[in-house]
Amino acid sequence: MIKQRTISKVVTATGVGVHSGSRVNLTLRPAQPDTGIVFHRVDTPVVLDFPAQANLVGDTRMASVLQNGKYRISTVEHLMSALAGLGIDNLHVDVDAEEIPIMDGSSVTFVYLIRDAGIVEQDAPKKFIRILKTVEVSDGEGESRKWARIEPYDGFCVAFSIDFEHPAINSTTSFSEIDFSKDSYIDQIARARTFGFANEVEMLRSIGLARGGSLDNAIVMDEYRILNSEGLRYEDEFVKHKILDAIGDLYLFGHALLAKYTAHKSGHGLNNKLVRSVLENPENFELVTFEEPMSKDSDIVHSIKGSFVTI
């Protein structure tokens, strides 16, 4: 049986919100089987719950933002990506501000935090969303067209291409494909940082975004070059961060995926639209477990088990 996972103990971290600029205290707590990933605002008059579900995303400007009435939890995608990459099904996430801390701009700090807590299997079968029909969403036309597609696949694979028309980005690889049956999330994706442009900072801050952004938590570029003295962590770090984001956004399905996701210039808004489009038609997917895998599923099971960090 492929089992559900949570963490074995409570762990905490402190950081800054990349958009709010506010100090954030983050606590991760174990959760019972079939709980899912649930965020909690503990700084509100009454603790508010924010289940990690695509239909609760209320804003996708520069981040995926969960909404509960007038309250929000922003920038959930990097933590969600780490949870997907490590195969965590059930977790309580407490924050005392409106945003998950950005840490170093990647998901690797969350990976370290989760592994420090310890990963444990639970006595319940892991649930997967198996995609049955291809679904595609798009925005724009011609060369400006952005699109994202999900299709049936025995395992989980993510392919992404970017086109920013910036010399520093154009000098790197613009396409990457990661098949998690053989590629490592920790080694190949987790350290890829978010990125932005120095000439957009004032505009973003004027609308309440990027107030906590810095060279410590993002790759920053002027018109021609990368400003970070240490350079890139991966030769294709830009496109790999887009994959990191996509994995986090896709985990808002509420379960691990058996699917292939392919996208060109997609972002949080289009990713959320894709997830919602799949879920609105029950013929697009099925919920499956692997309690007593039959021989016909053996290749799938091998692929799935290869996707998660060994406990």
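## Basis and terms

Buried means under 20% relative accessible area, exposed means over 50%, and partly exposed lies in between, with a 1.4 Å probe and protein chains only. By that cut-off Thr-75 is buried, with a relative accessible area of 4%.

This is a predicted model, in which local features need pLDDT of at least 70 and side-chain atom pairs count only at pLDDT 80 or more, while totals for chains, interfaces and linings use all residues. Residues are numbered from 1 along each chain as its sequence is written, and side-chain values use heavy atoms, with hydrogens and water left out.

Helices (H or I, at least four residues) and strands (E, at least two) are DSSP runs, numbered from the N terminus. Helix 1 spans residues 77–86. How many of its residues are buried? The count is 10 of the 10, so helix 1 is largely enclosed by the rest of the structure. Among them are Glu-77, His-78, Ser-81 and Ala-84.

Thr-75 sits in the loop between strand 8 (71–73) and helix 1. Its phi is positive, about 60°, although Thr-75 is not a glycine. Helix 1 is followed by Gly-87, which also has a positive phi, near 75°.

## The UniProt positions

UniProt lists His-78, His-241 and Asp-245 under "binding site", in an unreviewed entry. Positions from that record are given in the numbering used here, feature names are shortened, and annotations may be inferred rather than shown by experiment. The three are spread over 168 residues of sequence, yet they cluster in space: the largest C-alpha distance is 9.5 Å. His-78, His-241 and Asp-245 are included in the lining of the largest pocket.

His-241 belongs to helix 6. His-241 is buried, at a relative accessible area of 1%. Contact means heavy atoms within 4.5 Å. Not counting residues up to four places away in sequence, His-241 touches His-78, Gly-105, Ala-192, Arg-193, Thr-194 and Phe-195. Asp-245 is also placed in helix 6. Its relative accessibility is 9%, so Asp-245 counts as buried. Which residues does Asp-245 contact, leaving aside its neighbours within four places in sequence? They are Glu-77, His-78 and His-268.

## The largest pocket

Pockets and cavities are found on a 1 Å grid over the protein atoms alone. A cavity is a set of points where a 1.4 Å probe fits but cannot get out; a pocket is an open set with protein on both sides within 12 Å along at least five of seven lines; lining residues have an atom within 4 Å of a point. Grid points are joined across faces, edges and corners, and a volume is the space filled by probe spheres set on the points.

The largest pocket has a volume of about 1,000 Å³. Its lining has 37 residues, and the closest to its centre are Met-62, Thr-194, Phe-195, Gly-196 and Glu-200. Helix 1, strand 16 (195–197), helix 5 (201–206), helix 6 and helix 7 (268–279) each supply at least two lining residues. By class, the pocket lining has 14 nonpolar, 14 polar and 9 charged residues. Here Ala, Val, Leu, Ile, Met, Phe, Trp, Tyr, Cys and Pro count as nonpolar, Asp, Glu, Lys and Arg as charged, and the others, Gly among them, as polar.

## The cavity

How many cavities of 30 Å³ or more does a search of the whole structure find? The search finds 1. The largest cavity has a volume of about 220 Å³. It is lined by 17 residues, and Ala-84, Phe-156, Ala-256, Leu-257 and Phe-308 are the closest to its centre. Helix 1, helix 6 and strand 18 (256–264) give two or more residues to this lining. Strand 18 has the largest share, 3 residues. The cavity lining holds 13 nonpolar, 4 polar and no charged residues.

## Other buried sites

Asn-228 lies in the loop between strand 17 (219–221) and helix 6 (237–250). Asn-228 is buried, with a relative accessible area of 4%. Its side chain reaches the backbone nitrogen of Val-220 at 2.9 Å. Beyond four places in sequence, Asn-228 touches Arg-193, Leu-215, Ala-218, Ile-219 and Val-220.

Ser-176, in strand 15 (residues 175–179), is buried at 6% relative accessibility. Its contacts include Asp-236, Val-239, Lys-240 and Ile-243. Lys-265 occupies the loop between strand 18 and helix 7. Lys-265 is buried, with a relative accessible area of 16%. Its phi is positive, about 60°, although Lys-265 is not a glycine.

Note on methods. A polar contact is a pair of N or O atoms within 3.5 Å; within protein, one must be able to donate a hydrogen and the other to accept it, and residues adjacent in sequence count only if both atoms are side-chain atoms.
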